[in-house]
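Please have a look at the sequence and the structure first.

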Amino acid sequence: MAEIDAGIPARAQRPLSPHLQIYTPMLTMMMSIVHRITGAALYFGMLLFAWWLVAAASGPNAYANVEWFMGSLIGRVVLIGYTWALLHHMLGGIRHLIWDTGRGFEPAEREMLTLATLVGSVVLTIIVVMIGYFTTGGAR
Amino acid sequence: MTERAQMRTPLGRVRGLGAAHSGTWHFWHQRVTSVAGIPLTIAFIIITLGLLGRSHATVIQVLGSPLVAVVMLLFIVNSAYHMWIGMQEIILDYVHEDLLKLVSLMANTFYVFAVGLASGYAILKLSFGV
């Protein structure tokens, strides 16, 4: 007991655990954070999805409101953002599943996987948005 | 007492789960729902993309058709569970004040049930046409 009492000044001299801001930002680290952010965004984005479905079930008038919002500039930005978040979170999830098996941890491999997530999500989003744009007859 | 005296019961030792009373279900269920989420998300994107800009009559007809409805219900249930665990993890990571933590965890559960049930109900209503 005497040791613990006497040890208080010594305890203050212990090195502190480094926190986030001490590290140089790296792609894998940023993508890990983005994975969580996109997950949280999708969490709240599900509200829009629920609104769309409930409006469709409610009738043409309620559905017209959703159509108006989704067709507006803000609505389009939200939809495109939601699409990217969903695709990025899905690809990031696949990357994490690969890592869960213990594969892809070599420096070059993990950088490649992480970059592939980012590039893949952007490319897929552009493809999806293009399809959406042209099947709805462009800017209505 | 031939063995060393222990506070833990024999059953407790066999279960081996410790004071938390549960194991790695959190981790495992998040992986199960993420694997299921891959095909369901792709299907979800294809379905919603196909319905973009269509008339209300077309949308309710497609969403109410059995195959689409089942895929959408799977997507809703899977996503709801996945995001429930995910948000719980985020809350446990960042919210340290006891009352706020408990309120946040409850709000997470309420939100997920409300959004999940509303979405699922809408699909069922369109399917059964009542």
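Predicted model: local features only at pLDDT ≥ 70, side-chain atom pairs only at ≥ 80, totals over all residues.

What pattern does chain A follow, read along the sequence? Read in that way, chain A runs α-α-α-α-α-α, with six helices and zero strands, where helices (H or I, at least four residues) and strands (E, at least two) are DSSP runs numbered from the N terminus.

Residues are numbered from 1 along each chain as its sequence is written, and chains are lettered from A and ligands numbered from 1 in the order in which they are written.

Staying with chain A, buried residues make up 24% of its 140 residues, a residue being buried if 20 or more other C-beta atoms, placed from the backbone, lie within 10 Å of its own. Of the contacts in chain A with a separation of 6 or more, 69% are accounted for by residues 24 or more positions apart, and by contact I mean that the C-beta atoms, placed from the backbone, lie within 7 Å.

Within this chain, α3(A) and α4(A) pack with axes 6 Å apart and at an angle of about 150°; axes are lines fitted to C-alpha atoms, for helices over the stretch in contact, and angles run from 0 to 180 degrees between N-to-C directions. The crossing is left-handed, that is, the near helix is turned anticlockwise from the far one by less than a right angle. On the α3(A) side the contact is made by A:Trp51, A:Trp52, A:Ala55, A:Ala56 and A:Ser58, and on the α4(A) side by A:Ala62, A:Tyr63, A:Asn65 and A:Val66.

Let me turn to the two chains together. How many residues of chain A are in contact with chain B? There are 26 residues of chain A in contact with 26 residues of chain B, and on the chain A side α3, α4 (60–71), α5 and α6 (107–135) each supply at least two residues, the largest share, 13 residues, coming from α3(A). By class, that side has 19 nonpolar, five polar and two charged residues, counting Ala, Val, Leu, Ile, Met, Phe, Trp, Tyr, Cys and Pro as nonpolar, Asp, Glu, Lys and Arg as charged, and the others, Gly among them, as polar.

Two helix pairs between the chains deserve a mention. Helix α5 (residues 73–100) of chain A packs with helix α2 (residues 25–51) of chain B at about 135°, with axes 10 Å apart, and this angle makes the pair oblique. Helix α3 (residues 27–58) of chain A and helix α4 (residues 66–94) of chain B cross at roughly 125°, their axes coming within 10 Å. The crossing of α3(A) and α4(B) is left-handed, and among the residues that make the contact are A:Gly39, A:Tyr43, B:Gly86 and B:Met87.

Finally, the largest nonpolar core has 36 residues, of which A:Met46, A:Leu53, A:Ala56, B:Leu63, B:Met83 and B:Leu126 touch the most other members; such a core is a set of buried Ala, Val, Leu, Ile, Met, Phe, Trp, Tyr and Cys residues joined through C-beta atoms within 7 Å. The most, 10 residues, comes from α3(A).

Notes. Parallel < 35°, antiparallel > 145°, perpendicular 65-115°, else oblique. Contact = placed C-beta atoms within 7 Å. Buried ≥ 20, exposed ≤ 12 C-beta atoms within 10 Å, placed from the backbone.
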